[in-house]
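Dear colleague,

Please find below the structure for your review.

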Amino acid sequence: MDSSLTDQQQDKYCSYLHGEGEKNTNWKLGAPPNYDTVNKLFEEGRTKIWPPASLEEKVQNLVKTWEMEMFNKISFPDYKSVKLQNFTVSVNGRKPLSLEESRKLGGGYNSFMQTTLPENLRGYNPAQETEHSSHLAFTTAFPRGFALEVSQVYSGPPTIVYKFRHWGYMEGPFKGHAPTGELVQLYGISIFEVDDEMKILKVEFFFDRGELLGGLMKGEKLASGTDQAALSCPFMRNTG
């Protein structure tokens with residue numbers, strides 16, 4: 001994956017954050033996100049350190065860049081890690097969605113948490129969340145971020161199959177549950193189809209959302225409205 005020298009200086013793992021190519025990018029927070037805190041969490045907690053320029057490192061940086069763009073860029077033409085024409089993303093075998101369809105579901109965390117469970121069993125109900133409220137819920141629960149590593153790559157391009165691990169420390173409340181301070185992890189498998197320029201054409205994710213939500217709902221129930229104060233904190237709003 002190509003990356004300008006400026007990008008490498010500004011962030012070791014994500015491209016398309018800084019430099020001339022991003023001077024007109026529309027960012028959700030008005031400026032590029034700062035990944036220093038979550039990068040520190042990643043470097044302290046990762047289980048693999050991939051050799052420079054290895055396939056594993058390239059895949060890991062591609063996934064990090066794609067997630068950064070999905071969560072932080074407003075305009076689809078600003079997404080440089082994907083081939084916009086015919087791009088789709090699906091979760092757990094559900095119907096593949098275009099970028100616009102994913103955004104209608106709430107984008108970001110909300111689109112990844114879709115479920116067919118009855119509403120009274122959902123714990124986290126994406127039907128009642130917006131892109132903004134879901135982002136606040138998860139960034140509040142994980143004030144140091146939700147780190148990502150690629151722990152194994154099973155096949156290379158054009159069909160990249162890899163195992164991933166997401167993790168963070170629940171140091172803030174989540175949906176009325178008190179923070180536990182404990183490590184919360186999510187494991188899964190993903191498939192990226194890419195073109196000869198390593199632009200992403202199709203994404204498929206397979207994981208158990210209950211693995212994540214179970215870790216976030218272990219804490220005792222808070223008094224109604226307690227976690228709303230945390231959601232309004234400017235620091236929480238700017239954790240990326």
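To begin with one of the residues in question, Glu131 counts as partly exposed, because its relative accessibility is 25%; here buried means under 20% relative accessible area, exposed means over 50%, and partly exposed lies in between (1.4 Å probe, protein chains only). This is a predicted model, in which local features need pLDDT of at least 70 and side-chain atom pairs count only at pLDDT 80 or more, while totals for chains, interfaces and linings use all residues. Residues are numbered from 1 along each chain as its sequence is written, and side-chain values use heavy atoms, with hydrogens and water left out.

Salt bridges

The structure holds 12 salt bridges, each defined as a side-chain nitrogen of Lys or Arg within 4 Å of a carboxyl oxygen of Asp or Glu. One of them joins the side chains of Glu131 and Lys28, at 2.1 Å from N to O. This pair links distant parts of the chain, 103 residues apart: Glu131 belongs to helix 6 (residues 131–141), and Lys28 to the loop between helix 1 (5–10) and helix 2 (36–45). Helices (H or I, at least four residues) and strands (E, at least two) are DSSP runs, numbered from the N terminus. Lys28, with a relative accessibility of 32%, is likewise classed as partly exposed.

Within helix 2, Lys40 and Glu44 lie 4 residues apart, about one turn of the helix. Their side chains form a salt bridge of 2.6 Å, N to O, and both Lys40 and Glu44 are exposed.

A further salt bridge, of 2.8 Å from N to O, is made by the side chains of Arg144 and Glu171. This pair also links distant parts of the chain, 27 residues apart, with Arg144 in the loop between helix 6 and strand 2 (147–155) and Glu171 in the loop between strand 3 (159–169) and strand 4 (183–194). Arg144 is partly exposed at 32% relative accessibility, and Glu171 is partly exposed at 38%.

Ser151

Ser151 lies in strand 2 and is buried, because its relative accessible area is 12%. Leaving aside residues up to four places away in sequence, Ser151 touches Lys48, Trp50, Lys163 and Phe164, where contact means heavy atoms within 4.5 Å. The C-alpha atoms of Ser151 and Tyr187 are separated by 9.6 Å, and the two residues are 36 residues apart along the chain.

With kind regards
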